[in-house]
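Hi,

Here is the structure I promised to pass on. Have a look, and my notes follow below.

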Amino acid sequence: MIKLDVIEVSSTEWQEKVLSSKIPVIVDFWAPWCPWCMKLLPVFEEVSKQYIGKLTFAKVNVEESQDIARANGVMGIPVLKMFCDGRNVGELVG
């Protein structure tokens with residue numbers, strides 16, 4: 001069985017799992033009602049298989065963690081943001 005490296009991150013885990021991560025993290029900001037987010041999900045999971053141990057793939061539900069979305073300037077979804085050494089180093093919007 002292949003372990004997927006896609007984790008759900010909540011407000012209480014943000015610092016530990018994203019900002020303090022030893023490896024780069026790609027965060028998918030999403031919501032269950034967003035059709036484009038749901039289309040992105042299988043692609044996100046498939047790509048994660050290729051980078052196990054090299055990148056962490058994380059998901060943040062903007063409905064449940066509005067504080068994280070707000071703090072990271074997420075104005076629309078889906079948004080992918082890349083973090084390295086606790087800093088936002090890139091993003092893809094839409």
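Are tryptophan 14 and phenylalanine 29 buried or exposed? Both tryptophan 14 and phenylalanine 29 are buried (under 20% relative accessible area with a 1.4 Å probe, protein chains only; exposed is over 50%, partly exposed in between).

Bear in mind that this is a predicted model, with local features needing pLDDT of at least 70, side-chain atom pairs pLDDT 80 or more, and totals for chains, interfaces and linings using all residues. Residues are numbered from 1 along each chain as its sequence is written, and side-chain values use heavy atoms, leaving out hydrogens and water.

On to the rings: there are four aromatic pairs (Phe, Tyr or Trp, the latter by its six-membered ring, with centres within 6.5 Å; stacked under 30 degrees between planes, edge-to-face over 60, tilted for the rest). Tryptophan 14 and phenylalanine 29 make a tilted one, because their planes are at 50°, with centres 6.2 Å apart. That pair links helix α1 (residues 14-19) to strand β2 (residues 25-30), 15 residues apart (DSSP runs numbered from the N terminus: helices H or I, at least four residues; strands E, at least two). Ring pairs also bring Phe83 into a cluster with Trp14 and Phe29.

Tyrosine 51 and phenylalanine 57 are tilted too, at 35° and 6.4 Å between centres. Tyrosine 51 is partly exposed at 33%, while phenylalanine 57 is buried at 3%.

Then the sheet: five strands, open and mixed, ordered β1-β3-β2-β4-β5 (strands pair if DSSP finds at least two bridges between them). Its edges are β1 (6-8) and β5 (87-93).

Cheers
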